[in-house]
Amino acid sequence: MTTHKNTKYIFANWKMYVDFSESVMLAKQLAKKSKQFSANLSLAVFPSALSFTAVREEFAKTKVAVGAQNTHWVARGGLTGEISSEMFAGVGATYTLVGHSERRHMFHETDHEVRQKVEAALASHLTPVVCVGETAAERAAEKTEEIIEVQLRAAFDGIAWQKDKPIIVTYEPVWAISKGTEPGSGTPCDPDDAEMMHKRIDRFIRGLHSDVEPILLYGGSVRPHNAQFYVAQPHINGVLIGAASTKLDSLLEIIANVGA
Ligand code: PGA
């Protein structure tokens, strides 16, 4: 069983916010700073596919992991524009984000595709980081729990999970995710509300896979001033940060503020 009680997970999703040279510069600066990070920090960066290998190279001598933002389930084939989990694994990826709300809502990714991506990630020895979350309308209609359960079941029910591989789930309410990098471009979820959902997700995952301890992250407008309130919650092991992870100072501030 994976134990991660004292580990704080900080996952930086750079989305399409930074170009190639900005990504390499950010990675270079972060790699330099990483010598000072404490042993209980598990830091992972998710650069664009374009910057992946260069960023991976910058972190080669550090403990910082690098993950893919999106992976296709077919290993190889005539799939213009896609990159498979197997290909990302071949260039040193540790993780892949699966079912991020921008993929689900802007690119119409279905629960079934999420499942295929989870299976392909496992087959390629990547750890999938499965993102779940409700829209504002679903929350207003009091459908949050139902939506999250459907998404979790689709991703994890009946799947053969290797015991040494963590199940990582990020709860990211769609309405809480920033609309850009400008301050005030997102409405974070109240940390107590987030904790309530994480507790349910924890229970649900343990119901599906009793022998795997889930690692649960919160995502959605995480900033230096609020990150610690999420990580302080009993069922929240870390954060997935978008906009605020694309600036060195704010990412370092978050790392310092959560005590990692
Ligand atoms: P945000 O994005 O921190 O910019 O709100 C989080 C995410 O979508 O992963």
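How many cavities of 30 Å³ or more does the count come to? The count comes to 1 cavity of that volume. Here a cavity is a set of points, on a 1 Å grid over the protein atoms alone, where a 1.4 Å probe fits but cannot get out. A pocket is an open set with protein on both sides within 12 Å along at least five of seven lines, and lining residues have an atom within 4 Å of a point. A volume is the space filled by probe spheres set on the grid points, which are joined across faces, edges and corners.

The model is predicted: local features need pLDDT of at least 70, side-chain atom pairs count only at pLDDT 80 or more, and totals for chains, interfaces and linings use all residues. Residues are numbered from 1 along each chain as its sequence is written, and side-chain values use heavy atoms, with hydrogens and water left out.

**The cavity and the ligand**

The largest cavity holds about 100 Å³ of space, and this cavity is the space taken by the ligand. A molecule sits in a cavity if more than half of its atoms lie within 2 Å of the grid points. Of the 15 residues lining the largest cavity, Lys15, Ile177, Ser221, Gly242 and Ala243 lie nearest its centre.

The residues surrounding the ligand include Asn13, Lys15, His100, Glu172, Ser178 and Gly242; a residue counts as near if one of its heavy atoms lies within 4 Å. A polar side-chain atom of His100 lies 2.6 Å from an oxygen atom of the ligand.

**The pockets**

The largest pocket has a volume of about 610 Å³. Its lining comprises 21 residues, with Met16, Gln69, Asn70, Arg103 and Phe107 nearest the centre. Helix α4 (residues 101-106) gives the most to this lining, with 3 residues; helices are DSSP runs of H or I with at least four residues, and strands are runs of E with at least two.

The second largest pocket holds about 270 Å³ of space. Among its 15 lining residues, Ser34, Phe37, Leu41, Lys63 and Val64 are closest to the centre. Strand β2 (residues 41-46) gives the most to that lining, with 3 residues.

**Residue classes**

Ala, Val, Leu, Ile, Met, Phe, Trp, Tyr, Cys and Pro count as nonpolar, Asp, Glu, Lys and Arg as charged, and the others, Gly among them, as polar.

| Site | Residues by class |
|---|---|
| Shell around the ligand | 4 nonpolar, 6 polar, 2 charged |
| Lining of the largest cavity | 6 nonpolar, 6 polar, 3 charged |
| Lining of the largest pocket | 11 nonpolar, 6 polar, 4 charged |
| Lining of the second largest pocket | 8 nonpolar, 4 polar, 3 charged |

Note on methods
Polar contact = N/O pair within 3.5 Å; in protein donor to acceptor, adjacent residues only side chain to side chain.
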